[in-house]
Amino acid sequence: MKATVAQLVQLPGVWRGGELEHVVHKVVPTGHARLDAELPGGGWPMGTLSEVLHDGVGIGEVSFLAGALARAADGARMIAWINALHLPYAPALAQAGIPLDRCLVVRPADREDALWAAEQSLKSGACGAVLLWMERFAQEYAWLRRLQMAAESGRAMAVLFRSTAAERHSTPSHLRVVVASDRAQMKVRIPKRRGPPLHQFIPCSGSHSNFLSSRSRSPNVPVLVSSRS
Amino acid sequence: MIAEGPAQRPLVACANRAAADAGIRAGQAVAAAKALAGSLRVIDRDPAAERETLERIAGWASQFTPMVSIDAQGIAMEVESSLRLFDGHAKLTAAVSRGIRELGFSAMLGVAPTPLAARLFARAEVEGRAVRGCLALQDLPERVADLPLFLMDWPDKTLARLTDLGIVRLRDILALPHEGIAKRFGPEIVLSLERLTGRVADPREPYAAPARFRSRLELPAEAEGVEALLFPLKRLLTELEGCSRGRGAGVQRLVLRLEHGRKSHTRLALEFASPEREADFILAIAREKLGRLTLPAATNAIGLRADALLPYVPRSSAWLPGAREQAIEGERLVERLSARLGADRVFGIALADDHRPEKDWKQCHSREGGKPARANAASFRGRRPTWLLPRPHRLVTEDGLPMLQGTLDLTAGPERIEAGWWDGEEVRRDYYVATNARGESYWIYREHRDLSAWYLHGVFS
């Protein structure tokens, strides 16, 4: 009758705080081996909200996701760029292997419109990825929760870009990645993931040449990975 | 209560339940009716409005069968050929009555092999004598036998004489020899009997709806604000959907008119990328647009107009969503976003044939498919930044070196771009990738004619 702890943790759905979650989620590899190894499931999660925190622009905080974005657009799905700082530059996206004809640029007039557009895009199921730039805003937790649910229902990758000041506040998102840069080397740490946080920075290789590396991408299929193997 | 007849002596044409409970019957003099119920509200009958309403319903009903005709005070639909599509009588009649309810009307349906019999059944139901639908022609004389003659559209005089003879039911008159009836009551009575039983054909002219859509709805009470308009709007859109279905059409441009009293009104145009007709979808778009409006006053009527009904491409016909369905979902998303944010705030991007960074890309109307001008991005020699500034930004320099949050190191370049000498917007620049101590990378350039001036043009995010 008595089950040992060792037996219990073998049961499916039982998760210990010390390990990465091993429930199967759909993920898309980012193309950065070190980063993928630290992400639950071995890639950037689809169907959920994630946050990329960064201070300063121009450190490769968008382009390190190029590989994942290209995969998320598979199956004629769109990539929505909502409320971005500047205009996404078409030649750069093309170099990164992101299909331009699936990119949708949305420049809302205010925050409310931006959040609404993000929710609609996620819910519609037409978007594989929705990228949103937004600092702190009113009723933030409730809105993030809504975006999380919309991402689940639309099976889309939702990524919110904001400054690291947001790290002090709790979030309903399932993944939070902090991006920083040393001189020419980009590095990431993962303060929140489905598993123990990763507090030390790990190098995210080739942040500045990833545009070229992501073009030679391996099999063009979404990957379902269980981290327990 | 609705009145008709000469102005000197108007008669009751129709009375609602409250009036009927007070003892008011059709055919009474209005004066007599007023004596029965003091608070009676009398409305003059408006045959033009009745006809228009029937036409609207007929237009809507054309989605079920192309053979819809207006029949006295109702519509006749020849559904024999549509039965298979709609999976039998029961489902078809259910769909029709549900649809008419959605339009805001109530209808009595009669199902029979001849239009006259169907009309008879429907009227019998109004009188409270429900008759089961009859499908086989040979059963018809039996089914109609017990119905009273006054349900037929015969002159009152004829009906009175028949009653005098003790002929009050169809059973009685069908048993009589036709020659005798023709001689006494006129050949048209015999003809209608033969059409009723299907012995003589009863050809009808199908109602041809005009190739545009116009409908107007007076609201029962003035509506403040926008939310209250959605329900009546749904009715109009349901009607539009029916009409469009009947023609295999959709609308690309719709004008919604909100009337506030006599003088003022608000117009709202809805435009779609491709013809649409699904009421729920159009309603969702209209809701976003309406949400942006501030109405000057309460609304008392709404009208909907589409000047062109265009061929409609059916959607969701496949049961496995593929690239095509995905593309349609995308189109709809773009429409929903543009409806609220404005079309200029939602767009796609594409490459263009030029070497100048300002002109080697373009905005395109989302998804209209800007085919890549250059087959691939290989023609770009150097790396391109994620963001391009709308216009280059002059950088401060120190000892001739560009500064941006610290000194910039040139990590790649120069890449020389010289173009545009042919159109007066000449560009002669050397581009570099520059990184500062914080690890931020920028795309900067300097002009040939002034090598000391540095400009920021992009950010490698």
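Modeller: Two residues are in contact if their C-beta atoms, placed from the backbone, lie within 7 Å. This is a predicted model: local features need pLDDT of at least 70, side-chain atom pairs count only at pLDDT 80 or more, and totals for chains, interfaces and linings use all residues. Residues are numbered from 1 along each chain as its sequence is written, while chains are lettered from A and ligands numbered from 1 in the order in which they are written.

Colleague: What share of the contacts in chain A with a separation of 6 or more comes from residues 24 or more positions apart?

Modeller: That share is 71%.

Colleague: What makes strand 6 of chain A and strand 11 of chain B a pair?

Modeller: Strands are DSSP runs of E, at least two residues, and helices are runs of H or I, at least four, numbered from the N terminus. Two strands pair if DSSP finds at least two bridges between them. Two bridges join these antiparallel strands, so they pair. Val105(A) stands opposite Phe347(B) there.

Colleague: How many residues does each chain bring to the contact?

Modeller: Chain A gives 44 residues and chain B gives 44. Helix 5 of chain A gives the most to its side, with six.

Colleague: Why are Ile79(A), Ala129(A) and Val130(A) called core residues?

Modeller: A residue is buried if 20 or more other C-beta atoms lie within 10 Å of its own, with C-beta atoms placed from the backbone (exposed: 12 or fewer; partly exposed: in between). A nonpolar core is a set of buried Ala, Val, Leu, Ile, Met, Phe, Trp, Tyr and Cys residues joined through C-beta atoms within 7 Å. These three belong to the largest such set, of 92 residues, so the name applies.
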